[in-house]
Amino acid sequence: MLTRRQRMLLFVPLALLLVPFLLLPALFGFLTSFTNYAPFQPGQLVRFVGLDNYLSILHDDTFRTAVRNVTVFATASVSAELIGGFGLAYLLRESFRGRSIVRFLLLLPWVVSPVATGIMWHFLVNRESGMINYWPALLGLPSLPYLLTFELALPTAIVTEIWRKMPFVMFLVLPGLLAVPADQWDQARLEGLPVLGQIRHVALPRLRLLMLTITLLLLGDALGNFENIMMLTGGGPGSATTTPGFYSYQKAFVAFNWAAGTTSGWFIVAAVLLVGLVYVIMARRGAD
Amino acid sequence: MASTTSPTVASAAAVPQRRVEARRLTLGRALIWLAVIIVTLIALFPFIYALTTSFKTQRASYDGTLIPWLQYEPTLANWQAEFGSGGQETMRALTNSATIAIGATIVATALGTLAGWGLGRFKYGIGNRNLVSWFLSQRFLPPIATVIPFVLLFKQLGLIDNVLGLIIANATFTLPFAVLIMRDFFADFPSDLQDAALVDGASQFGVFWRVALPIATPALVAAIIICFAFSWNEFLFASVLALRNAKPYPLMVAGSDTVRGIVFGFVSTRMLIAITLPVVLSLLVQRYIVRGLALGAVKG
């Protein structure tokens with residue numbers, strides 16, 4: 001057993017990094033979101049403004065659109081990724097030659113940086129260089145509509161996100177699925193349950209915590225989504241695909257509006273913490 | 001895909017039954033195969049297209065064609081430009097990326113393993129679960145939320161446009177992963193070996209260094225891979241903290257638009273270069289990625 005002092009010592013290096021470089025900046029950002037502190041506009045007297053920053057953000061139409069966008073984005077993509085990923089894992093349950101190769105290939109969309117995939121998809125679907133014009137024409141079909149219009153940009157972003165994450169979900173679920181003992185499957189089949197019923201009664205109870213964690217991972221990523229969208233659409237057209245993450249970046253580094261940038265960032269943090277809290281509650285409830 | 005072998009003795013009733021079963025077996029599996037192939041193609045499609053485009057001329061890259069020689073004339077121009085005339089910039093960006101990723105990984109895994117061993121092995125007053133939950137919350141936190149105060153701090157410290165600054169930033173961000181992965185491993189792993197070493201007279205540090213660490217190699221590899229991949233692909237902090245000297249590669253990939261508009265040939269080549277490393281890494285350690293991610297996921 002280590003003495004208490006020794007145990008604390010183990011955390012010292014970590015604290016040396018995290019406290020000055022994570023906790024303190026975060027605290028600073030939190031505090032200044034209640035003031036009119038503007039580092040990019042020197043010479044201003046710093047005043048305490050209470051919740052003004054937060055309120056003005058909430059009144060900003062662009063931000064509200066961003067929140068709506070990200071809600072749609074997160075809900076649609078996460079559900080599709082979970083269902084699709086699970087389905088994929090179920091498909092791959094039975095071992096076959098080359099399965100590990102397939103698993104590896106399917107991991108690629110996630111392993112590759114979102115910047116790269118965002119760019120790839122961007123020039124796959126945009127009007128100038130996209131394939132959507134060439135191939136239908138070649139096959140004599142009418143060309144597909146331009147996918148980055150105001151109406152279709154968000155669905156397109158959702159689809160690319162699903163493309164990216166669904167195989168990843170499969171990758172995580174498959175080991176868990178394989179860990180289910182075969183006799184449980186057999187028993188369910190003997191009882192005459194249809195496939196969906198089998199899944200519900202055999203797999204899901206065991207995989208509950210895993211699915212919960214995966215959901216949280218996906219949600220956190222979707223809520224803060226930034227690089228993917230930036231490369232794919234640049235937040236547009238207009239504000240069709242702006243997310244709070246993108247909004248925050250824009251405000252801070254393009255418009256040099258520190259207050260707006262930090263404050264909107266904290267909205268995102270609040271949302272993720274909320275989701276995390278739900279997770280912790282549900283996880284602990286299941287464990288008892 | 002093979003059907004059952006034919007029996008030596010078969011009743012008249014059994015034979016048609018088995019034949020039907022064999023056929024159903026093949027049809028079901030064929031469908032699964034088909035689904036798998038389609039999904040794999042969809043997953044790989046953008047990469048294939050990028051590969052093709054990297055060999056196209058500027059004009060042809062707007063075509064949307066796919067098959068070289070049949071539909072367009074392939075050219076090495078993009079690749080030559082990337083490594084030839086643009087070579088210096090490319091190499092510097094790649095070096096930056098490598099330095100940052102290696103540095104951040106070393107820091108994050110070192111610090112994380114220490115803390116993870118402590119968390120997994122021993123009890124803490126605040127409550128191990130609370131600490132773990134805290135680290136977990138870090139893991140799900142999108143970096144965009146903390147980047148802004150970060151910038152200000154680094155500006156004060158003079159760490160803007162400095163590789164060291166990015167190492168610190170990436171280490172901070174990947175540290176929770178390392179802690180969680182190592183903690184899960186140590187929490188699961190029976191401590192008999194470590195206790196035995198203690199009885200044999202090893203110091204606590206000796207136990208850590210000579211017994212715990214070697215056992216933990218799979219988890220360590222997983223942590224290293226994850227930290228490295230994240231740092232290599234990291235874009236947000238890089239775009240904000242690096243201006244000229246410390247530019248890592250993702251910035252180059254994104255900055256492929258020139259006066260002539262986005263040169264898709266360059267985009268493709270740079271993207272393919274950028275993804276080479278993560279792809280090779282994940283090929284080498286596929287098993288460990290699953291273990292590492294699943295460990296963190298299953299134990300919460």
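This is a predicted model: local features need pLDDT of at least 70, side-chain atom pairs count only at pLDDT 80 or more; totals for chains, interfaces and linings use all residues.
## A walk through chains A and B

Let's begin with chain A, whose secondary structure comes to 12 helices and 0 strands. Helices (H or I, at least four residues) and strands (E, at least two) are DSSP runs, numbered from the N terminus. Read from that end, the elements of chain A run α-α-α-α-α-α-α-α-α-α-α-α.

Residues are numbered from 1 along each chain as its sequence is written, and chains are lettered from A and ligands numbered from 1 in the order in which they are written.

Back in chain A, buried residues make up 44% of its 288 residues. A residue is buried if 20 or more other C-beta atoms lie within 10 Å of its own, exposed if 12 or fewer, and partly exposed in between, with C-beta atoms placed from the backbone. Now take the contacts between residues at least 6 apart in sequence: in chain A, 68% of them join residues at least 24 apart. Two residues are in contact if their C-beta atoms, placed from the backbone, lie within 7 Å.

Next, look at one pair of helices in chain A. Helix α4 (residues 99-111) of chain A packs against helix α7 (residues 153-178) of chain A at an angle of about 135°, with the axes 7 Å apart. Axes are lines fitted to C-alpha atoms, for helices over the stretch in contact, and angles run from 0 to 180 degrees between N-to-C directions. Among the residues making this contact are A:Leu106 and A:Trp110 of α4(A), and A:Trp163 and A:Phe168 of α7(A).

Let's move to chain B. Where is B:Thr52 placed? B:Thr52 sits in helix α1 (residues 14-54) of chain B, and counts as buried because it has 20 C-beta neighbours inside 10 Å. B:Thr52 and B:Ser268 are 216 residues apart in sequence, and 8.4 Å apart in space, C-alpha to C-alpha.

Finally, how confident is the predictor? That is what pLDDT tells us for each residue, from 0 to 100. Chain B averages a pLDDT of 72, and 71% of its residues score at least 70. In chain B, confidence is highest in helix α3 (residues 87-121), at a mean of 83, and lowest in strand β1 (residues 257-258), at 46. The model scores ipTM 0.73 and pTM 0.75.

Notes
pLDDT is the predictor's confidence in each residue, from 0 to 100.
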